[in-house]
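Okay, thanks for making time, everyone.

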There are 2 protein chains.
Amino acid sequence: MTNHLTEFMKLNLPKLEEELYSLVERISAPAQLKESMLYSLKAGGKRIRPLFVLAVCEMFHNKQQEAFTIGAAVEMIHTYSLIHDDLPSMDDDELRRGKPTNHVVYGEALATLAGDALNSLSFGVLARMQAVNPEKRVELINLLSVAAGAEGMVGGQVLDIDGESRQLNLSELEKVHRNKTGALLRFSIESGAVLSDATDSERKALVEYADHIGLAFQIQDDILDIVGTSEELGKTAGKDLESHKSTYPALLSLDGAKEKLENHYNQAIRTLQSIERDTTLLEELAEYIIKRSS
Amino acid sequence: MTNHLTEFMKLNLPKLEEELYSLVERISAPAQLKESMLYSLKAGGKRIRPLFVLAVCEMFHNKQQEAFTIGAAVEMIHTYSLIHDDLPSMDDDELRRGKPTNHVVYGEALATLAGDALNSLSFGVLARMQAVNPEKRVELINLLSVAAGAEGMVGGQVLDIDGESRQLNLSELEKVHRNKTGALLRFSIESGAVLSDATDSERKALVEYADHIGLAFQIQDDILDIVGTSEELGKTAGKDLESHKSTYPALLSLDGAKEKLENHYNQAIRTLQSIERDTTLLEELAEYIIKRSS
């Protein structure tokens, strides 16, 4: 990882996590529910989505505290989706980021409810950003609702389940990932643009960058499931292959998938060049995504 | 049921349901996901929560179409909570409103995701009410987030699960129900006040009315579980007794619970008298709630 991004993470991730945890700690709710919500929020993870919100704001020299709040909201959605995804009726995973999954620790009922609570909370968190004008708040809430729900992430998960019982073709697989992973990454990047009053053309370029990043992210995920170890990944490696799941390497071979990844990376970088600002951080984030080993 | 309310329902419930279904039909999402969401939305139910939104707006002579949108949003939250509540890991119910529950028809994974999608969608629906000023929209979204999430309904469900393993006392039981049932009913009533620009004292009185309605509703639910039949209820009767669940009749005897119900009804009616408007509909709704047989 390059120095610029490392510094940026060192500076901002502790503040992001402080905001994320305190947004949950300060609510008045049953202790075991808050504990279960916080367990998964604190289970680590790369905080990629909040990093994108923050990096876009940084590019606009936007120092608003609310970038952290938006980052926390999107991380809540991401975390709830992992909790529900790991349930026995879904992926049935007992390990996530090297730790027992939420339902293993708290039981299925509480895990389901903790996910539900994080889902609802994320929208309230955006609604309560007093320093952001209400027009922007409703725009952000609308974007998050679309990205998280049936038209975005949840829709992608349904298509993904579909892809477990039959072989998808490349365009179907892209559609799965545009929704399942892409929608929330796109929200992260676009929300930074909204908060920072980006021009229409800047916003358009950032959304295009986001689309390539989303696909690159997912292709690297698929590749890591083959070349990574369970230890590195913090979850069971080789699951896709074992379950005959539709993945990029399965459709394109491992080398073909790597080429596709490189392709999306290059297009992401090219898109950034149309923005007349310092895009170093966003370039480094793109590189971080394709080079990560977990 | 009195004539005024019957007429009001006949006039408004078809419009409410049209809005509710079309909000889901118009989204771009996988067919089976939309089908699963619509299955539970269309499974009937009394639409109590939307009725309260509409009845409050009627009292203020507020004819805004957005009352139906808010009603639809709260019905989405209510419906998602039923879908998740019925899951095998939660209440494990196979029958709801006389029909097979969502997961029985669509499987647990899709049922979980349909609930998740309805949860996220409800907030987007409020965010997109173009004819309502953004200040009001963020206020409504904040209220719904609190009512639906860990501080409201979901928190109440966690306390409710707790109450299955030990005997709650009356104040604990009230707390369960203030959250589990009361919070969403309160949102329904308060959102009508917000949309209609109620004065502070009108809003305060309506919220107090809502609190009594919420408790009355739950006590009648507990009573019906004992005196109702499965056929009337459209779900298995006698489940509470069988599972030794903490309920009002279990704590207060059946007669004691009926007295408590009457009490909350009277206080709800008394609260309405402080509002200098025609409160007939809200009185009739209170009566409807305590006299219903399902």
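This is a predicted model: local features need pLDDT of at least 70, side-chain atom pairs count only at pLDDT 80 or more; totals for chains, interfaces and linings use all residues.

Let's take chain A. Its secondary structure comes to 14 helices and 2 strands. The radius of gyration is 18 Å, close to the 19 Å that the globule rule gives for 294 residues, so chain A is as compact as a globular protein of that length. If you box up its C-alpha atoms along the principal axes, you get roughly 50 × 50 × 35 Å.

How much of chain A is buried? Of its 294 residues, 61% count as buried. Then there's the contact pattern: take the contacts in chain A between residues at least 6 apart in sequence, and 74% of them join residues at least 24 apart. As for charge, chain A carries 31 positive and 46 negative side chains, with the centres of the two sets 3 Å apart.

Over all chains, the count is 5 aromatic pairs. I'll show you two of them. One is A:Phe52 with A:Tyr209: ring centres 6.2 Å apart, planes at 70°, so that's an edge-to-face pair. A:Phe52 sits in helix 3 of chain A, residues 48–59, and A:Tyr209 in helix 10, residues 200–227, so this pair ties together parts that are 157 residues apart in sequence. And both A:Phe52 and A:Tyr209 are buried.

The other pair is A:Phe123 with B:Phe123. Stacked or edge-to-face? Here the centres are 4.8 Å apart and the planes at 10°, so A:Phe123 and B:Phe123 are stacked. This one crosses between chains, going from helix 6 of chain A, residues 108–127, to helix 6 of chain B, residues 108–127. Again, A:Phe123 and B:Phe123 are both buried.

Buried or exposed? B:Ser171 is exposed, with a relative accessible area of 56%. From B:Ser171 to B:Met76 is 95 residues in sequence and 29 Å in space, C-alpha to C-alpha.

Last stop, backbone angles. Most residues other than glycine have a negative phi. Two residues here are worth a look on that score. A:Ser253 has a phi near 70°, a positive value in a residue other than glycine. A:Ser253 lies in helix 13 of chain A, residues 248–272, and at 39% relative accessibility it counts as partly exposed.

Then there's B:Arg97, not a glycine either, with a positive phi of about 50°. Where is B:Arg97? In the loop between strand 1, residues 95–96, and strand 2, residues 99–100, of chain B. B:Arg97 is partly exposed too, with a relative accessible area of 22%.

That's my tour, so over to you.

Notes
Residues are numbered from 1 along each chain as its sequence is written. Chains are lettered from A and ligands numbered from 1 in the order in which they are written. Side-chain values use heavy atoms; hydrogens and water are left out. Helices (H or I, at least four residues) and strands (E, at least two) are DSSP runs, numbered from the N terminus. The radius of gyration is taken over C-alpha atoms; the globule rule is 2.2 Å times the number of residues to the power 0.38. Buried means under 20% relative accessible area, exposed over 50%, partly exposed in between (1.4 Å probe, protein chains only). Contact means heavy atoms within 4.5 Å. Lys and Arg count as positive and Asp and Glu as negative; His and the chain ends are not counted. The place of a charge is taken as NZ of Lys, CZ of Arg, CG of Asp or CD of Glu. Rings of Phe, Tyr and Trp (its six-membered ring) pair if their centres lie within 6.5 Å; planes under 30 degrees apart count as stacked, over 60 as edge-to-face and the rest as tilted.
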